[in-house]
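Okay, everyone, thanks for coming.

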Amino acid sequence: MNSRNHSATAGRTAKALTEVTGLLRRPQRMFSLVQKLVSDKLRVSFEQQHLYSYSTTKRPTAEALNAMLRWILDAQRRDGGIAAYYSLLTGYSASYPEVTGYIIPTLCDFARASGDHEPLAAAERATTWLLSLQMPTGAFPGGLHGGSHNDESQPSVFNTGQVLQGLVCAHVEMNCLEIRQAATTAGDWLIKMQQPDGSWSGPSAYQGTAHTYYSMVAWALAELSAQTENYLGPDNRDHNSNNDHRSDYGLAAEKNLDWVLSHFRPSGWIDGINLQGPPNYLHFIAYVLQGVLECAILRHRSDAIETVAKSAWVLLRKFETNKYLSGAYESDFKGGQHFTCLTGNAQMSCVWLRLFEVTDDLRYLNAGLKMNEMLKQMIPVRGQRGVVGGVSGSYPIWGRYQPLRYISWGCKFFADALLLEQRFTKTFEASTAETLPCAS
Amino acid sequence: MRIVILCSSVYSESACAMAARMAESGYIPVGALALSTLDRVTLLRKLEQWGARDVARYARAKLIPQRTNRPSQLRNPYLQPLLKHEDKFFRNLREVAAVYGFPVVTCNDQNVPESIACLKEWSPDLIIFTGGNILRKPLLDIPRLGVLNVHLGLLPEIRGMSSPEWSLLKHVPVGVTIHYMDAGIDTGPILQRCEFPGEAQCESLSDLRNRLIVFGIEKATEVVAALDRGTIAAKPQSTLDSDTNAGPDKDNQFFVIHEWLQARAAERLTNRRLAVVPGTVNG
């Protein structure tokens, strides 16, 4: 225990030193830093919310989406990977395999929605880079590429799942055998590493223990299973693979789904997020819900959709009453902390919007729209590269989750939420125009 | 029947109309407890709902005596018959109180001990809520019969905020519900549910809301008379609950509506109006 505390303290000290050094090396970053600190301080001081209010902005959704997409494209490094973050102290980080993987579906969705081909080219470069990182076992490494930690040499279940999301999508877009093989090898490795109870633990799991937010891995496997169905031959066999694992991927996904579902409390709270040290950030709570919901939709599991809806409803009520979601919660959604995790908010918007799609309950759409309005206000319209169009880890920016950073996965989830908003509002307008009786 | 009016401001047109209508029906209030007009939350809410220009216009109409007292000075024109007194219109609750002879007390919070003491002194049989704070148990326990609320939607289907808009979107008939308040939001026992027959005549959502307010005041007056005669009894919502709109917790609560959905509700209202107006689509 003591050695763990020592290493955590040493890690924090090293991080602080790196950040201070980064600022000393590029003192001009001080302008952006001070500007953001002052603007958040002013906003926090003068913000007045009441029961009847919600944040509104005149900023069009398409413009906000373009700004975030530009941020993501700017964050793509020379190697093709996407940086984890832009720090107001140290600038861009190195490429981050995990985010590079699951940002691919966002790039493809944006390209499809906008007709812009630039994001597709970025997705191709990102995929090529990811393929170069795959380990012989099929796993993908943890941590930042070329980072100071040893994570990079370690296979990571969670990162492999997140990268798998990207590979499945990239294969659909690019129809490349190499990508498909990489995806199935990654899926096979995930099945191999799965525990009999459906969880993932051991050395390839974060902090060595099982986590319920690995439902995101289950989602990736369910996606792989669904896509594998699409490239079966007429005899129902996969001619490009020695094994027909399509049902295995689906079963593994459901096995994890059942394990995660056993951790839901009647209050809607989910046990087993199991982060040792940090609090239960909204980002991880939302991960559990997103993973379970998407996996449940793909596997036609109405029981799991109902369970997620119950938790999502608890958070919806909190958002509607307080006008924001806390950055972190204690058990049973108690004791919310006084900062907001913007990424978690964006993820909850995705969850609500998807629940609207499957339940037709307009209150989810209403909450998603309002959440998106609130988040649109938080995206800098002006500023230097790395700042403009970015989504900060926390609001205010000095909040506990990824302080003083604009993070790529924040952009990814908020872009996803806005793309869903665009899709559903168009569909809703088309489907609900009431037909007037004809004059005859 | 000893009635007390609770309101968000002495300048609330709905509160003035409710008090005047009750008094005209023979139920002169024994008192009215209003939130201070300079209450920060109320001011903020009104600024957001109406905009600064409308708030300024409203304040001018209520605070500065006009040479001519025109109905156009009313924010809700349908309240005109209820607010008309001799050749003038009531501009605030104090003017209503002066005519009918009841006290008006202002406070910063209706739940604080001073407000509770004031209400207890009036020993009401019934409190009619037309606006103000979220009421706590000590206040709810004061009146012999209960605290009456006019909800602009049909309960139990549509609880909470933006009820007319949600009714249109959820295909629930537009209407009002007269109910007793309890610790929940719009969860108290129901005295009367009334569908609004004039929906097709409404030109906009604000027009619908204005008409619903007047409709609600009329229905509340009928309910008070029925309570006085002992011919009406409240029914718990659990006996009426319908699951049609219930959320995951069988929760029928709705929240303030986003402007995009509000626009869709307005479209539905317009479509319904066009569908029944002779000479338009139906010919």
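So, strand 6 of chain B, residues 126-129: Leu126(B) and Ile128(B) point one way, Ile127(B) and Phe129(B) the other, and all are buried. Buried here means 20 or more other C-beta atoms within 10 Å of the residue's own, against 12 or fewer for exposed and partly exposed in between, with C-beta atoms placed from the backbone. Strands, by the way, are DSSP E runs of at least two residues, numbered from the N terminus, and two of them pair if DSSP finds at least two bridges between them.

Bear in mind that this is a predicted model, where local features need pLDDT of at least 70 and side-chain atom pairs count only at 80 or more, while totals for chains, interfaces and linings use all residues. Residues are numbered from 1 along each chain as its sequence is written, and chains are lettered from A and ligands numbered from 1 in the order in which they are written.

Now the neighbours. Strand 1 of chain B, residues 3-7, runs parallel to strand 6, joined by 4 bridges, with Ile5(B) opposite Ile128(B). Strand 7, residues 146-151, also pairs with strand 6 in the parallel sense, over 4 bridges, and there Ile128(B) faces Leu148(B).

Over to chain A. Three strands make an open antiparallel sheet, order 2-1-9. Strand 2 (91-92) and strand 9 (405-407) are at the edges with a single partner strand each, so one side of each has no neighbour in the sheet. Strand 1, residues 85-87, meets strand 2 over 2 bridges, and Ser87(A) has Gly91(A) as its bridge partner.
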